[in-house]
Every structure is written in structure tokens, then in C-alpha cells.
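Visitor: Can you walk me through this one? I'd like the packing first, then the contacts between chains.
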Amino acid sequence: MGMEKNVSKDFKLKPMKCELNFLSKSDGSTILSQGDTVAVVSVNGPLDIKSTSQSIEKSTLEVLYCTKGGKPSVADRYKENVIRQTCETAILGSLYPRTGITVTIQELEDYGGLLSCCLNCTCLALLNSGVSMRCVYAAVTCAVDESGDIVLEPPKHQLQTARAVMTFVYDSREKSLVTSFTEGMFSEDTYKEALARCHAASDLIFSFYRDIVSKYANVI
Amino acid sequence: MKDVFLSNCEKSFLQRIVSEGHRLDGRNYNESRRLNISFGSEYGSCIVSLGETKVLAQVSCEVTQPKQIRPNEGILYINVEISPMAAPQFEANRQTDLTVYLNRLLEKCYKDSKCIDLESLCIVVEEKVWSLRVDVKILNHGGNLIECSSIATLTSLAHFKRPDVTRSGDSVIIHTIAEKDPIPTVLYHYPVCMTFAIFNNDVLLSDPSFIEESVCTSSTEEGINTGGGLLVVGMNQYKELCLLDLNGAALYDSNIVHKAIVSAADRSKEIVDLVKKIIISDDTMRQKRSKINFADIITSEHMLSLTQKELTIQLKNYNVDDMTSKTERMQVEDDVKSEPSKYDVVPSLPQTAEIVSKKGGSQWIEISSDSEEDQ
Amino acid sequence: MAGLLLSPTEKVFILHGVQDDYRSDGRSNIDYRPMELETDVVSHASGSARLRLANTDILVGVKTEIDVPKPDKPDCGKLEFFVDCSANATPEFEGRGGEQLANSISNMMQKAYHSSQAFNLKQLCIFEGKQCWKLYIDILILECGGNLCDAVSLAVKAALFNTRIPFVKAALMDGGNIDLQLSDDPYDSKLLDVGSAPLLVTLCKIGDKCVVDPSAEEENCSVISLIVGLTGDRKYYYPKDADKQQSVESKCTTIGMNGPGSVAPKTLKDAINQGIVAAKSLDEALGQALLKERQQNIGIKKHSYGFLK
Amino acid sequence: MAEIYKLIHPLKYFTDYISREVRPDGRKFDEQRNIKLNVNSLKTAEASAVVKCGNTTVVCGIQLELATPKAEEPDLGYLVTNLELPALCSPKYRPGPPSDHAQVTNYLVSDIITNSKCINLKDLCIVPDKLAWVLYCDIVCLDNDGSLVDACIIALMASLKTLCLPSVTYDNDTEDIKVNADIRTPLKVHGLPVATSFAVYKLPDRNILLTDPSAYEEEMCGGIGANFIVCSNEGLLCGTQKFGGSNLLSDSQEESLKISRDRTNVVKKVIETSIKNDNEFVS
Amino acid sequence: MPLDYRRFNGPDDSVSYKRFTDNYLKSYDELYEELIDKNSRRKDGRKLDEARSMCMFFARTDLISQAKGSAYIELKKTKVVCSVFDPREIPHQNEFSQLGQLYCEVKFAPFSCVRQRRPHAPDAEERALSVALRQALEPAVCRHLFPNYQVDVFVYILEHDGACLAAAINAAGLALANASVPMYDIITACSLAIIGEKVFVDPTEAEEHLAIMSPDTEGTNHGIITMSMMSELKQVSDFMQIGSMDVQCVTKVMEILEKECETIVPNIQKVLVLNVVQCFNQRKQLEAEAKEREAALNAKMEEWKKILNAG
């Protein structure tokens, strides 16, 4: 597709910056910035939880999403659900039956792509906490702007005028789709193209994960 | 909240080294941990870290109706939240005694001390006033939450700027930051809460860490109180006392309170000066249009941190509009290919339609009786 | 109440007594236990009353507030009941234990006062469609010794009888706003007409007969009780204009059942009739007590009994 | 026998069926359940619809109210959609405030409606800055047997399509409002979004897509909320949602898009037929 | 009212448009005129003493696939769904309870009432109805057979056109039977509205509304009575009255109620019998299918055996 034009172009992802073990009291924690969007995630667990929410098959994942200020809302529950369902596939929960793993996300700055930043940050925090995982995952957001171009990791002003915004999460093993959610309207071909692009971009995030782990794993 | 238990060894060790004039982290008795304040991109949001303790504060504002008894005053809300992020023993969405205690202390310190000019928050008497809301989130509980969150509250309030408004007749126009410069909040004075841990009724530790806090308020294994406690002193930069709060054991000697106040007076001046200085420097930074963002707190020297600036990927340019002609063509092909539907749509009862699978698969139980409706 | 255990023989003894209209404490089936009533006990409330029936202790306070009437009833005021079962009353009320009971009592009261023949809400109107009085009736259960409904309804009626509502002049301004003028004199107030306010009578079914005001032992013998709300008679409360109106027959304003059992239709009818007799004598006694109390209040400050005894 | 087998070896029981290319209720993988739609059966609501997709039963009722528009958006009306999952629709729910799951589903439904842009909120404004319609769309699930979002969207769209707004006159000077309920104009609805749910079941060698899954199938395929939902309006996609569960490969994506295309047409026909049927009935 | 964070909320100041229609406020007499025509027939053509149970009664069981037992009752416009679930241990209970418990909850759909939009959170009326429902059902259920367990009974009112408590009790009785919860007797309920001299059996919402409104003339009877009965045992399990009426009136209408409750019983019985027959047929069909499947499996097995033996 798009062969007629045959224009290759460099697509830039936003600069990523992260610090693991940002908080001393949590079992694992990370602060991650993707461009101007920043989030902190702490992971605690596996730990003892009250018997009503225990599961004998796997550990119970509790996700708490905290906004910066203001009151709770249905939209927060939705974000929690996205993150919980995604983590659930990545964590080997059956290794820790009758326990709970608590993931707390605190948003700090939102300049577009907050939820994908939270997802990536959660993945790093899980890595940091040492919870056994089946795979890691990477979230990439893209948008279809007014002129119809697909833009990876759009900045905030572009999001407001975009026709559609899509976020995809890929796993590291099969490189297949774990989670997706979209806003706005778009054609099927756009969807497929966006899927392919984000797929390619997810490699960058995976290599970022690798770099950070290899940086400290050398020392340990 | 689950209780955190300390072993007797830990307790007695800590008590012994304190009585011998040391502290666990090597500080002097009245030495505080490093205070660090960083701002977010918005006005009124900051992260304050005191050693390992980290607190996020965010001020937001909205226009509301004033309270009936105070029609010409704005409203200030303070809301403290301790999520499991602070420490594993806290549960999600549940208020603990600590949350309530902290909330009340901050309210006493900032609402009841009348440090904010609430009247300046009034827009239209009896109709519209600004309501400020301070959300304090504990990110990491490394002891001395009170002092840390109080500095965070103070800094965010002093840093906050609300949008400008103009009144024209009945309507009130709220200007965005781009249209008109926002207005800072007026603070009459800058109160700060400081915590002191009292050991054996005579030792005063400023800025206690988490373990020091828990040891000084807990009793020994025999149930004998060790004469320890936590003393909170709220004081502004003019060395005026705004708040005193003691929990733990009763004091034998009132001199210790006096000692604490004297030491708090110096410290409060120090803190307030720092807060003022840092806000001014932040302001000049902003005026030079340099970006300020929480991303700045991520250090790059740390072993466990990584920065990658150039993340590029080669992809073909793709435009939805270029594709439409082809898409349509494809869809036409699709339509030709599409096989006849497997389902029948039948209008059965009045107002009703059904999809029935043609081969009449699963069982279907009739439910509607709406036929008798609406003669 | 909890912790009370009766042997089968004891139960039979009580049952036989009830059958012969002679109860174990000497009362007949329609007799109440002695009561103590005191009005005007809360100085901040517009009206208040405290009632003690055996071990049941009820405090009722009436507060008034200006409100906007409901759009479908523009000429009526509002009445709101709130029951608080304090954990002091019995340990069972701790936490959220008393909530259900509190709800059911306030519900029963709301229903009993619903009809205008029981309590005329029009007397709470200030300006039709714009302003009216809203009465908050707060019922505090201080001690719970059984037969709550009856005691609450008596205390509420007494508190309402005692309630003074300030005179307010309302005038319509331009733009549809209402200007209210309150007199400077705090004693410039009116009393409410509560003569027909309903009393609730609980009838406890023991065997085939029903008793009013059951003791704890008697409650233990019964599986079902019937609550009947019956309107009062104005003549007991306003004896001065008694000759102007003929005596009205009391009417049922609410009937409800409580308990896990069921009754035969015949017993139900008998019980309602029995309730009327009981309610009438109760109403008369209450009227007398209240009038006497009012007379005393006009004179010197009466001696207060104090709160709990 | 089968019931006991299902209890003791739930996973094996299900895999046995799937490996034989059939689902426990006798459907093929890409077969949807029968749909039954009834419009305007509730007289207390301004517009209503009852939908049964297999066993899943959903009722939607719309009520109209008037309010002043928000200060920030003076020319927009309100569309408030709420999905109620009362305890009676499934043993999984407890009475009380809505669970997290209910909130998420609620969000999904209203998100699809907003994204599809089928209702222009400007149409709901009567006098800018003064008066606007508030559409309270309450969707109640009476029986939750899977693919809840699909049924909700059908019910909601069918009721929106039959909704007629009374005429309103607003006097600018006296701020008097007059409503004439006898003169009504139908609400403009642009397009007709239809959602299709798929459950993804992981076999060792491949992943299988189950169209329109039942509650039991949903549970076997990663629990509540792991459905892959495709939603399209007039040929354009207006939302694809998938949260965790088994992974989705790109060829299954193609397949699901095709199935959802077919289903959209069929569902559209149902809604149209049922509304036509209703109009004939009234006249 | 505190904001509900768990739902989407509309604007605070919204009001139903009906408030602004011309005929929003009607006087008592106007409303009264509307109820009965010249031939003393009601608006829907019924006679005063005619219940909807006879002509417009529709009931069925097994509506909800996920529930243990369920029922649906339609009295013309009043539509009620009820589901009953398996017994479960009583939550938050310290003491052992000798008798099983019934947990009843009545909920109105937000769009179920003409006059107002129902709030999502349970209001006072719903709580009162839940208590009344429990009161009505408790005597009929053999509670000693499931000690320390509770059976959940949920009633959802889709459309409210009068007599909703009676409909809820009838539906719940049916659903309990459908869920095979042991009971002493069939439980039925009926309600009527009294306006002055007239008694409206099985009233509609408009009739109920007028009946609880107080007439201007002093001393007239008005109100609503709902009674539930176990007809075979001749026991009243719940009796609810609101309004104001004299005792003669109460005793008089009790007889009517008793009769009405009895007339519903055969209807309920019919539904139950139908249900049993249906179950039986279904069972038979399933067994046949199972046999078929088993035969097919056996054949396959034989085939495999052959192949095995051959190989």
C-alpha cells in the first residue's frame, strides 16, 4: 500500500526517559517520561490480601489509577481496566496463588499518549519488581490527523484536531496484539496500516526495555 | 490498613543508639534530610521530597457558589490521599486514620491559620467565587509525612496562579492563560508544619524517618510506655505559632516543647526562604519560556535510569485520503464476493423484528406478549 | 430482645394469660405501661418532646426551615422524618445495625402522616408555589425497650404540639422573587394544628389474641405484629373549640405488618378494631398530658426532670 | 453426564467441543445468535427498545429533560447514557453500587456512541446558552449471557431512531418555557453503529475467534472484558477494543472485520424492519 | 446530593419537559373526571371491580437464563421481572442462623415511571417495597430447610402502571417456585385503591396517584391497600395500607381482596404446570440427543479400534 508514492520517511518517537526504583517503599517502581508525558507506577506484591478477593488459581491483580487532582470518575475505572487486563496477560499469576499484586499508577503530566505511557511504565515497574512475567509488552499510540496522515505518538495539539486516535499494545514474544483501543472514526485500511506501523514502532520500545535492563543487569 | 510490626530488636537497637547520641542514618539530632522541590508544567503542581519521602501536590480551581454564611469568600479544600503507592500496607480506596489525621492537620495549618486571602477569590458576591482544591498525594512514605506534605501544600499554593476573569454585566468571562496572565494567590504568611520525635522524654529528633516515627510512638514489649511521642509544630516565617499537636506519651517536662519551638522557628524560616526562592527562580525560567516538566526529576546519572532521545523508525508515508479510491475499489470487490447472508430478517409481531438463522439452529423461546399493546 | 430465653412452659403461661385478658404484669390486653412525657426539652429546636415508655426512651426535636414547595403540590409544606438509632440504645445498633429499623420506623411515620386528614400540610404554606415551611422531625432513640413505633408516634405528636413556627410575611417582588419579612419578636409565632395527627399502635399477636405494648417476654412469644396508624381527635387537644365540631371517628392512615409470621383474615379484623380502642384512650391521655404541660409552661419555668433517668 | 464433565474438567470439556469445530451451544465459530428486537413497548419512556440476542436481554428507555447547557459549550445538548447491570441479570453481580466491570462496560457503550458521531449534540440545543435537551438513555440488562455491548448498542440505537422530540418555545424576555408534546419531530440520527464481539480462544497451535460469545464462552476465553469488540458505522470503523486475554493475530483481524461487516448489515436490517413494522402498526 | 462517581451524570438542574406542558397541573376533580367515564367504566374499559388478572394477565417463568428461577409478570402496562438465585452463605454474619433468610430487593428502572426519572441509587420507596416484599414472602417459604443460607430475590420493575407491589409479590412467588425453593403455599397478592365511595380493584398508576392525594372534602375515605395471601392456608402474609379510611371501609375491602387473591391462584398454577411440562419435554429431548451422541461416539470408537487393530 502507498507504493505509488514510495516515500520513505523517518518517523520519530518522543524521547523516552525513565528511572527505576524511583520510590523506596514499593517493591518495584518506575517513573517514565515519553516526551512531555510523565507517569509514576509502583508495584507491590505478591502480598497477602483479604480472603474474599483471593483466588486459588492465580494471584489477584489490583490496579489503581490516580488522577493528578479532582474526583474519581468512570473514565478512571476504564483506564484501570485497560491496564489490569493487559498486565494480567503478561504476568505469570499462577505462580503466586492466593496473593495479590497491587499496581498503582499516578499520572504526572499529560501531553498526549498518557495511557500508553502508563502502560509502558507499568511494564517497566513490573520488571523492576521482579514479578515473573510471560512476556513484556509495549504500547504505541498513533493518530490520523486532519490531512489524513498517520502520525506516531502525536503531541497534544495534534490529538485535539485528529480524526482518530488508536493505541495498540504488542507482546514481545509473538509480537501480536494484546490490547487495542481507539477513538474517532476511520476506515478499515487505515486501521490495518496503523496496526502495522505501531507494530514496527513497538520494536523501539522493546529495545529501550532491553537497554535499561542490560545497563543495570551488567552490574548485578 | 494492615499494621506494620517492628521487631523488639529493631526497637531496642534504635532506642539505644538514640540515647547514645546517634541516629540510624547518621544525622545529628536536629538535622533534617535533604529537601528537594520540583515543579510540574502546570501552575500549582509540585513534588516535594524530603529524603525518601515524596509527596505530590496539585492545586486546581473552579468557579462555584460561595457558602451562605461567607458570601464574599472563596473556598479552600484540602484532600489527602494515601494510595498503596506510598507503602504496601495501605489499601486502595480506603481512608485510614492517618489520612484523616493528616487532612485535619493540613486544614488546621492552612485553612484555620487564615494564611490565604479568601476574599480575593471572590468574583461576584453571593454568586461566584473561586474554589481552590489542593490534592495531596503521598507517593512514598519514608517517614515525616506531615512536614513533607505541608511543604508540598504550601509550595503548590504559593506557586499556583488562577485564570484572570473580567465581568461584563451579568456574565463572567474566564480567560485562558494564553489570553491574559494568570493571577497568583495572595498568602499573608507561610506556615509550615514540622515534626519532632521525642525519645525518653528528653531527646528531640527533628525530621524523623519512618522507623524513628514508629519506634517513638510504640511501647516496649512489657507495655511500658517509653515516654516518646511525636510533636508537630506549625509555624510561619515570622516565627508565629499556628499549630501544636502531640501524640504518643504524655510529657513530663514542658521544656521540651519549648525546645522544639525554638528549633522549629529556625527551620521554618529556612524552609520558607527556600520555597520563596525556588518559586521566583521557577517564575523567571517560565518567563524565559523554558519548559518545566516533571520529566526533569528523572536523573540521568542513576544506574537504574536511561534516556533515549533519538528513537526513529523508517516507515512509508501513508495518507488515508490517497487510499480512498483504492479502498472503494476493494470494497466493491468485497461486495461481489460476499455470499448470501445466513440469516433471515423477519418482522414477526407488531413492533418486533427478528434475526433467525436460516438453518434454524438453536432453540428459541417466545417471550413477547406485546401483541395486546395499544389498542 | 437479644439474650432473652423462655422455656416452653413460660410461653404457654403467657399465652393462656393473654387468652383470658390478664397479662403477666397485671395489665389487660389493651393497657399500656406507664409513660413519662416532657415537652420543650431542647432549647434550640422549634419543638421537642421526650417520652419514656417502660425502658424505651425517645427524644424528638422539630426543626423548621424555609423551602420551595414541590411543583405538583404548590400549596403544601413538607415534612421529613429522620430516625437515629443510637448505639447507646442497644449494642445491636452499633455500626449499621440500626439502619434498617430506623428506616422502617421513619417510613411508617411518613406513611401515617401522608394524608391531609392526618396532618394538613397546607398550614405550612407561606406563599403558594414559592415558599413553604419544611419540618425536619428528628427522632433519637436513646434507649430501646421494645414497642418503638408507639412511643415514637406519641413523642412526635407531642413535639409537634409543642412546635412554634414564626410568623412570616411574604410578598411577591418583580421578577418572581419572594421577599420574606420576619418579625423581630421571637415570640411572635403560631402553633400547629396537630389534633388529628396519627398515633401508631402495635398489636402483637399471641395465640389468637392481640396485645398492645408487649413486654420483652411477650414479644418473644409472638411471631407477628400488626402496626396500625390511627388519626387522633381534635377535641382532646383543643377543648376550647370542641363544641364547634362533632367528634370524628378515628381513621386508619396506615397499616403494616412486621415479623416472620402470618395471620388469618379474621384475626386481622379483630386486631384493627382492638387498635382503635387502644388508640382512642391513648389519644385522650396524651391530650390531657399535653394541655397540662402547656399550662405549667405558661407559668414559672417548670422544673425539668432531666434527661435520662 | 455432560453437566458433570463440564464441572470437573471445564477446560477439557470446552476444548473438546472447539476441536470438533463446534461450540457448546451447537453454533459454528462464526455464527451469531438469533436477535429479536422490539421497539416502543414501554409507554413510560419517550422511546424504548427490547433486544434479545440469544439469551442476553437488554432494555433501553429514553427520557427527556430540559436543562441549561454548560457554560463552556453553550450550543450543545446532553446525551447521558448509563448501563445498569442489576443483580438479577447474573449471579456474578451483587446488589449495590455498580462494580468496576459495570463501569467499564458503561464507558465502552457511551464511548462507542460518542465516537460514531451518530448524534450531533448541536441538534439537542434549543436556545444556545439557555435551554437544551437532556437525553437520559438508560440501558438495563435483564439477562447477561455474553456479548453485552452488542446488545446494548442495538437497543440504544433502536430507541434513538424512534425518538421524537416535542416542540419547545422559549421566550427570551420572560424566560418562559412552553412545551407542546403533541407536535414532535424525530431526532436526527446519523448512521447506525453496530458492535460485534468476538471471544478469542487460545489453542496450542492457533487462536480461534468465536463470534457473539455466550457468557460461558466469555468465561472460558479469559474472563469478563477480554472480548475483542469491533464497531462500525456506515462503513467506517468507530472503535475497536480489546483488553488483554489471548493475543490476536493479523489474519484473525481480517476475519473478524469481515464477519462484523456482514453482521452490521443484518443488524441494520433488523432495526429498520422493526421500526418500519412499528410505524405501520401505529398508522 | 453527592455526585455519583460510578455513573455518567447529567446536569444538576435538569427537569422533565412535562413540567412545561400546558396540562401539567390538574385539579383533583379534573383528574377524577378522567378516571371514569359515564358508564362507570375505567379508562382502559374495565369495570371498577375488574382486575387485570383475568384478561390482561401474562406470566412466564425461565426468562433469565443465568438465574436459578425467574418470572415475568405483565399486568397490561405494569411489567415486572423477578429472578431468584441459588442459596448462598449469609454474608457478614457472625452468629449461626437457624432459619434461612430471604434477601429481597425491589428496583425501579430509571424510565419506569411517568412522573419522574427514578434515581439509580435505591430511594425510600424502593427500600420500603423491598421490606414489604420480604414480609410477604417470608411466611410462605420453608426457611428451616436452608439454615445459615440466604436466597436472593431480585425484582426489577420495568414499567410502573399501578399495583407494582402486588405484581412484585406475585412474580417473586412464581420465581421462588420456579427455582424450586420449598414453600408452604402459593403466594398471591392484590391491591386496590379507594377514592370516596368507589373501590378500584387492581388500580392503574393514575388511579393510585389520585387515591393517595387528599381530597378537599373532609372525611372522605381515600387510600391504597395491598394484601398478600396464602389462599390455601387462609393466611394473610402482608397487609399494607396508606391514606385515610374508616374501619368499616377496611374490613369491607378486605373481603374483596381475599377474593381477588384467590382468583389469581389458578393462573399461577397454570404457569407452573406448563413449566413442569416444558421441563419434562426438554429433558426428554436432551436425553434423546445424548443417546444419539453416545451412539455416534461408540461407532467412532469401533472404527478406531478397527484401525488400531489393523495398524
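Guide: What follows is a short chat about a predicted model.

Visitor: Start with the largest nonpolar core. Which residues touch the most other members?
Guide: D:Ala155, E:Val153, E:Val155, E:Ala168 and E:Ala171 do. The core holds 387 residues.

Visitor: Which helix gives the largest share of this core?
Guide: Helix H4 of chain E, residues 164-178. It supplies twelve residues.

Visitor: And where does the core lie relative to domain 1 and domain 2 of chain B?
Guide: Between them. Domain 1 (8-297) and domain 2 (323-364) of chain B both contribute residues, so the core sits between the two.

Visitor: Back to E:Val155. What does it touch, leaving out residues up to four places away in sequence?
Guide: E:Val80, E:Cys82, E:Glu105, E:Val106 and E:Leu133. Also E:Ala168, E:Ala171 and E:Ala172.

Visitor: New topic. At what angle do H3 and H4 of chain D pack?
Guide: About 45 degrees, with the axes 10 Å apart. H3(D) covers residues 100-116 and H4(D) covers 148-162. That angle makes H3(D) oblique to H4(D).

Visitor: Left-handed or right-handed crossing?
Guide: Right-handed.

Visitor: Which residues make that contact?
Guide: From H3(D), D:Thr105, D:Leu108, D:Val109, D:Ile112 and D:Ile113. From H4(D), D:Leu148, D:Val149, D:Cys152, D:Ile153 and D:Leu156.

Visitor: Now chains D and E. How many residues are in contact?
Guide: 46 of chain D with 37 of chain E.

Visitor: Which elements of chain D each supply at least two residues of that side?
Guide: Strands S3 (56-67), S4 (78-84), S6 (131-143) and S8 (177-186), plus H3. S3(D) gives the largest share, seven residues.

Technical notes:
Residues are numbered from 1 along each chain as its sequence is written. Chains are lettered from A and ligands numbered from 1 in the order in which they are written. This is a predicted model: local features need pLDDT of at least 70, side-chain atom pairs count only at pLDDT 80 or more; totals for chains, interfaces and linings use all residues. A nonpolar core is a set of buried Ala, Val, Leu, Ile, Met, Phe, Trp, Tyr and Cys residues joined through C-beta atoms within 7 Å. A residue is buried if 20 or more other C-beta atoms lie within 10 Å of its own, exposed if 12 or fewer, and partly exposed in between; C-beta atoms are placed from the backbone. Helices (H or I, at least four residues) and strands (E, at least two) are DSSP runs, numbered from the N terminus. Domain bounds come from an automatic or database domain assignment. Two residues are in contact if their C-beta atoms, placed from the backbone, lie within 7 Å. Axes are lines fitted to C-alpha atoms, for helices over the stretch in contact, and angles run from 0 to 180 degrees between N-to-C directions. Angles under 35 degrees count as roughly parallel, over 145 as roughly antiparallel, 65 to 115 as roughly perpendicular and the rest as oblique. A crossing is left-handed if the near helix is turned anticlockwise from the far one by less than a right angle, and right-handed if clockwise.
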